[in-house]
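Subject: The structure we talked about

Hi there,

Here is the structure I promised to send over. Have a look at it first, and then read on for my notes.

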Amino acid sequence: MNPYKIDYSKFKGSKKITDQRDLLKLRLMAQLKEVMDGMETQDILSITGLDKSDLSRLRILSFERFSIDRLIKIFDKLGFQAEFSVTKK
């Protein structure tokens, strides 16, 4: 059913993310989203010092504006630590 007569064939497919850094950022952001899920917005903003726009970007997993280092710092401010394992390709 397509009540708005939208031609879906004109939409482009989603880009597959293959860069390891971007995948790591997405994993970190997903964990942050899980950690912040039970918290109030004002609490998050006051604890982390984030702008509302950056918090919104975190919530929609818009990873381009965040470095891995910055994401780790947000975890630290929220009282969490990140652990990593490194393997050879």
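For the packing angles below, axes are lines fitted to C-alpha atoms, for helices over the stretch in contact, and angles run from 0 to 180 degrees between N-to-C directions. Helices are DSSP runs (H or I, at least four residues) and strands likewise (E, at least two), numbered from the N terminus.

Please keep in mind that this is a predicted model, where local features need pLDDT of at least 70 and side-chain atom pairs count only at pLDDT 80 or more, while totals for chains, interfaces and linings use all residues. Residues are numbered from 1 along each chain as its sequence is written, and side-chain values use heavy atoms, with hydrogens and water left out.

Let me start with α1 and α3. They pack at an angle of about 110 degrees, and their axes are 9 Å apart. That makes α1 roughly perpendicular to α3 (65 to 115 degrees; under 35 counts as roughly parallel, over 145 as roughly antiparallel and the rest as oblique). On the α1 side, Met29, Leu32, Lys33 and Met36 meet Leu55, Arg57, Leu58 and Arg59 of α3, contact being heavy atoms within 4.5 Å.

The pair α2 and α3 also packs at about 110 degrees, with the axes 10 Å apart. Here too the angle makes α2 roughly perpendicular to α3. From α2, Thr41, Gln42, Ile44 and Leu45 meet Lys52, Leu55 and Arg59 in α3.

Which residues of α3 are buried? They are Asp54, Leu55 and Leu58, where buried means under 20% relative accessible area, exposed over 50% and partly exposed in between (1.4 Å probe, protein chains only). These three lie on the same side of α3, because they cover an arc of only 100 degrees around the axis; the arc is that of the directions from the helix axis to the C-beta atoms. Their packing partners are α1, α2 and α4.

In α2 (residues 41-48), the buried residues are Ile44, Leu45 and Thr48. An arc of only 95 degrees around the axis puts them on the same side of α2. As a reminder, an α-helix has 3.6 residues a turn, so residues three or four places apart point the same way. The cover over the buried residues of α2 includes α1 (20-36), α3 (52-59) and α4 (68-77). Gln42 and Ser46 are exposed, on the face of α2 turned away from its buried side.

Of its 16 residues, Met29, Leu32, Met36, Leu58, Phe66, Leu71 and Ile74 touch the most other members. Two or more residues come from each of α1, α2, α3 and α4, and α1 gives the largest share, 5 residues. Leu32 touches Leu58, Leu71, Ile74, Phe75 and Leu78, leaving aside residues up to four places away in sequence.

Finally, a few backbone details to look at:

- Lys5 is not a glycine, yet has a positive phi of about 55 degrees. Lys5 sits in the segment before α1 and is exposed, with a relative accessible area of 74%.
- Leu61, in the loop between α3 and α4, has a positive phi near 60 degrees. Leu61 is partly exposed, at a relative accessible area of 31%.

Happy to go through any of this with you.

Best wishes

Definitions and conventions
A nonpolar core is a set of buried Ala, Val, Leu, Ile, Met, Phe, Trp, Tyr and Cys residues joined through side-chain atoms within 4.5 Å.
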